[in-house]
Amino acid sequence: MPVPVLPLDSYGVSAEQQAVLDRAVDKLAGTCMKAKGYTWPARLERLGEARSANERRYGVTDPEAVRVYGYQLAPPPGVTPEQLAEEARLEKKRKTLMTDEVTEAYTGRAGTTKGTSRTGGCRGEALRQLGLPPQADALDAVDLAQQQGWKRTEADSRAKAANARWSACMKKAGHPYANPHAAAGDPAWWTKGVGDTAARNKTKAREIATAVADVKCKQQVDYVAVWQSVETTYQNKIIKANEKELGEVRQMRRDALRKAAGVLR
């Protein structure tokens, strides 16, 4: 099934564009860190193609992938399980180099500190050079609009009715869940290493059976089409009511991408 496309997508950045911004931030922040006498461990090269943020907006939808991986993310095309395991090993090693002292220089806050840094450290300085907010986790008008659209969609009677039809289908198949996110978020699927091998295999088999039924029920009740239609309606209304603010954020991101391309050249 194609990845859903929504009106507010054009105000954000694609996964590929975000990768460009990340590389530019890394380069700029690296210069800043070197001046401070530190080295921030470089991020790993991405395996395969970047995933769209909308890939699982309405839960799992790929009937082939769920038969093998259940609710876990399938590897990108052409990437082997061995490559993923090696990536996980290298990422774990990378994180051991992120000491509190190094992290504070990079982010403006120590690794154990939960508060938000006003300056953002070397990363914040890099973001400022690209014309982006120094707080990497700060929500802008587009982020808030997406949240608002999602909340309105969840509360809409058409979306609720789709949830009810999906839930009835799942219950009939022996999987009682209120909605797709409850099914995907079942703690049983995300508790690693619990029980012996036989118990883990049994849980995995149950996860796959649930995910397969999930996708079938979505298809039967036209779940994705309903939710996408409702959310599209609300996003268009939000865009119309906030054109100026949203347009400014879109331009800011376009300018940042142009600057990032210059940095990487």
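## The largest pocket

Let's start with the largest pocket, which holds about 720 Å³ of space. Keep in mind that this is a predicted model. The lining of the largest pocket is made up of 23 residues, and those that lie nearest its centre are Leu 44, Glu 45, Arg 46, Leu 47 and Glu 87.

H1 gives the largest share, eight residues.

## The overall fold

Zooming out, the protein has twelve helices and zero strands. Written along the sequence, that gives the pattern α-α-α-α-α-α-α-α-α-α-α-α. The C-alpha trace spans about 65 × 55 × 35 Å along its principal axes.

Of the 265 residues in the protein, 35% are buried. If you take the contacts with a separation of 6 or more, 73% of them are between residues 24 or more positions apart.

## Two disulfides

There are two disulfides in the model. Counting the bonded cysteines along the chain, they follow the pattern 1-2, 3-4.

One of them joins Cys 32 to Cys 122, with an S to S distance of 2.0 Å. Cys 32 sits in helix H1 and Cys 122 in helix H5, so this pair ties together parts that are 90 residues apart in sequence. The torsion about the S-S bond of Cys 32 and Cys 122 is about -70°, so this disulfide is left-handed. What is the relative accessible area of Cys 122? The value is 0%, so Cys 122 counts as buried.

The other disulfide is formed by Cys 169 and Cys 217, with their sulfur atoms 2.1 Å apart. Cys 169 is in helix H7 (residues 157–172) and Cys 217 is in helix H10 (residues 197–221), so here the parts tied together are 48 residues apart in sequence. With a torsion of about -80° about the S-S bond, the disulfide of Cys 169 and Cys 217 is left-handed. Both cysteines, Cys 169 and Cys 217, are buried.

## Helix H4 and what it packs against

Helix H4 (residues 100–107) has these buried residues: Val 102, Thr 103, Ala 105, Tyr 106 and Thr 107. Which helices do the buried residues of H4 pack against? They pack against H1 and helix H5 (121–129). Those two helices have come up already: Cys 32 of H1 and Cys 122 of H5 are the pair that ties parts together across 90 residues of sequence.

A word on helices in general: an α-helix has 3.6 residues a turn, so residues three or four places apart point the same way. As for the end of this helix, H4 is followed by Gly 108, whose phi is positive, near 90°.

## Tyr 234 in helix H11

Tyr 234 lies in helix H11 (residues 223–241). Is Tyr 234 buried or exposed? Its relative accessible area is 16%, and since the cut-off for buried is under 20%, Tyr 234 is buried.

Looking past its neighbours within four places in sequence, Tyr 234 is in contact with Gly 149, Arg 152, Thr 153, Asp 156 and Arg 158. One of these partners, Asp 156, also makes a polar contact of 2.7 Å with Tyr 234, side chain to side chain. For a sense of scale, Tyr 234 and Pro 134 are 100 residues apart in sequence, and their C-alpha atoms are 30 Å apart in space.

## Arg 253 in helix H12

Arg 253 lies in helix H12 (residues 243–264). Despite its charged side chain, Arg 253 is buried, with a relative accessible area of 15%.

Who does Arg 253 touch, leaving out residues up to four places away in sequence? The partners are Tyr 11, Gly 12, Val 13, Asp 140, Val 142 and Asp 143. With Tyr 11 there is a polar pairing to look at: a polar atom of the Arg 253 side chain lies 3.1 Å from the backbone oxygen of Tyr 11.

Terms used
Residues numbered from 1 in each chain as written. Predicted model: local features only at pLDDT ≥ 70, side-chain atom pairs only at ≥ 80, totals over all residues. Heavy atoms only, no water. 1 Å grid on protein atoms, 1.4 Å probe; cavity = no way out; pocket = protein on both sides within 12 Å on 5 of 7 lines; lining within 4 Å. Points joined across faces, edges and corners; volume = space filled by probe spheres on them. Helix = DSSP H or I, 4+ residues; strand = E, 2+ residues; numbered from the N terminus. Buried < 20%, exposed > 50% of the residue type's maximum accessible area, 1.4 Å probe, protein only. Contact = heavy atoms within 4.5 Å. Polar contact = N/O pair within 3.5 Å; in protein donor to acceptor, adjacent residues only side chain to side chain. Disulfide = S-S within 2.5 Å.
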